[in-house]
Amino acid sequence: MTLESAQQSAATGETSLVDLLDRLLGKGVVISGDVIISLADVDLVRIQLSAVIQSVRKEMSSL
Amino acid sequence: MVTETGTYVYAVGRRLDGQLLSELEGVGGAPIRTIDHRDLNAVVSTVDLDEFGESALRKNLENLDWVEQTARRHDEIVRRAAAITTALAPFRLVTIYRSEDAATNRIAELYDDLVLALDRIDSRSEWSVKAFSQGQPLPAAPAAAADGGGPGAAYLERRRAEIRELQEAASDQQVLADQLFWELTHGVAATRRLAPQDRRLSGRSANMALNATFLVDDDRSTEFFQLVDDLRARYPSFDIEVNGPWPPYSFAVLDKP
């Protein structure tokens, strides 16, 4: 998956990966304790992902 | 050597018939099953910790291909489960317990909160609404001339005036986007504003002025579309995009995290 194909899927009406990650990384029931890894602890360093993650984090920290 | 496994939880719902999901493959390929606690059913599958353990996850979450594949499979399972119940609370991507017992215990502990969360989303779906404006991207303001004079000064002054105009236009768009958002909230059960997506990710040259999501009663979705259509006519400077229905990802929130 490249940035170009992420953009294509956004443009063609297939569920956009960005829209999906906006929801799947930030929200949904979050139950901590006993989980193997908490997403908040993960340092996601890839350039392609960073913009998604930043926008999600911004939203979470404003709650 | 036996591979260690964990229990991946996709969602918790009420009165889910696990048989109807047993043909599906979860992330990593193992079959979907449900684990039950009172009237709640968790949709789960077994995952290998070689792929979903802590160190593997740290690496895999940085791989966009892996993230996409996992997110799409997770979404598919959640949608299939949502299709057979009215109340389904999706869990966040890669929620994995060390054992089935650990997952069950946690659901038992959180039973009351899960029931409240399910009550809030029962017979409702999530709809995404984005508004794009055709405004130009803001250029960076040039630095003030060091000596305050010379032939460059007039140019810089002109350039700053242009940028002020663009900034004012952008701020007008923001006010309009806020107003549009409030108008959209009429008659919806709940709403959240998400951060506007970066242009590079939205794939649109237009600026995303509004990225909002709404929890709408399933029997009121027609009214919601009508409202959006009315607002399209009243906000011609925006290109308004509606997308859904989504399982209520943004609204399945526990009171006590």
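In helix H2 of chain A, the buried residues are A:Leu17, A:Val18, A:Asp19, A:Leu20, A:Leu21, A:Asp22, A:Arg23 and A:Leu24. This and the views that follow come from a predicted model.

View 1. Eight of the eight residues of H2(A) are buried, so H2(A) is largely enclosed by the rest of the structure. Chain A holds three helices and zero strands, and its pattern along the sequence reads α-α-α. Of the 63 residues in chain A, 48% are buried.

**View 2. Packing of H2(A) on helix H3 of chain B.** From H2(A), the residues in contact are A:Leu17, A:Leu20, A:Leu21 and A:Leu24. From H3(B), they are B:Leu64, B:Val67, B:Glu68, B:Ala71, B:Arg72, B:His74 and B:Asp75. By class, the contact of H2(A) with H3(B) comprises seven nonpolar residues, one polar residue and three charged residues.

**View 3. Crossing of helices H6 and H8 in chain B.** The axes of H6(B) (residues 151–184) and H8(B) (residues 221–234) come within 10 Å and cross at roughly 155°. Angles over 145 degrees count as roughly antiparallel, and H6(B) and H8(B) are therefore roughly antiparallel to each other. The crossing of the two helices is right-handed. H6(B) contributes B:Leu180, B:Glu183 and B:Leu184 to the contact, while H8(B) contributes B:Phe224, B:Leu227, B:Val228, B:Leu231 and B:Arg234. Six nonpolar and two charged residues, with no polar residues, make up the contact of H6(B) with H8(B).

**View 4. B:Glu157 in helix H6 of chain B.** B:Glu157 belongs to helix H6 of chain B. Its relative accessible area is 41%, so B:Glu157 is partly exposed. B:Glu157 and B:Ala169 are twelve residues apart in sequence, and their C-alpha atoms are 19 Å apart in space.

**View 5. Buried and exposed sides of helix H4 in chain B.** Helix H4 of chain B spans residues 100–109, and its buried residues include B:Ala102, B:Ala103, B:Arg106 and B:Ile107. These residues cover an arc of only 130° around the axis, which puts them on the same side of H4(B). B:Asp101 and B:Glu109 are exposed on the other side of H4(B).

**View 6. Positive phi at B:Val94.** B:Val94 is a residue other than glycine with a positive phi, near 50°. Most residues other than glycine have a negative phi. B:Val94 sits in the loop between strand S4 (88–90) and strand S5 (96–97) of chain B. With a relative accessible area of 2%, B:Val94 is buried.

View 7. B:Ser123 lies in the loop between helix H5 (111–121) and strand S6 (124–133) of chain B. B:Ser123 has a phi near 60°, a positive value in a residue other than glycine. At 35% relative accessibility, B:Ser123 is partly exposed. B:Arg124 is found in strand S6 of chain B. B:Arg124 is also partly exposed, with a relative accessible area of 28%. Apart from neighbours within four places in sequence, the contacts of B:Arg124 are B:Ala189, B:Leu215, B:Val216, B:Asp217 and B:Asp218. B:Gly203 is 79 residues from B:Arg124 along the chain, and the C-alpha atoms of the two are separated by 29 Å.

View 8. The peptide bond from B:Gly244 to B:Pro245 is cis, and its omega is near -5°. Most peptide bonds are trans. B:Pro245 is placed in strand S9 of chain B, which covers residues 238–246.

Terms used. Residues are numbered from 1 along each chain as its sequence is written. Chains are lettered from A and ligands numbered from 1 in the order in which they are written. This is a predicted model: local features need pLDDT of at least 70, side-chain atom pairs count only at pLDDT 80 or more; totals for chains, interfaces and linings use all residues. Side-chain values use heavy atoms; hydrogens and water are left out. Axes are lines fitted to C-alpha atoms, for helices over the stretch in contact, and angles run from 0 to 180 degrees between N-to-C directions. Helices (H or I, at least four residues) and strands (E, at least two) are DSSP runs, numbered from the N terminus. Angles under 35 degrees count as roughly parallel, over 145 as roughly antiparallel, 65 to 115 as roughly perpendicular and the rest as oblique. A crossing is left-handed if the near helix is turned anticlockwise from the far one by less than a right angle, and right-handed if clockwise. Contact means heavy atoms within 4.5 Å. Ala, Val, Leu, Ile, Met, Phe, Trp, Tyr, Cys and Pro count as nonpolar, Asp, Glu, Lys and Arg as charged, and the others, Gly among them, as polar. Buried means under 20% relative accessible area, exposed over 50%, partly exposed in between (1.4 Å probe, protein chains only). The arc is that of the directions from the helix axis to the C-beta atoms.
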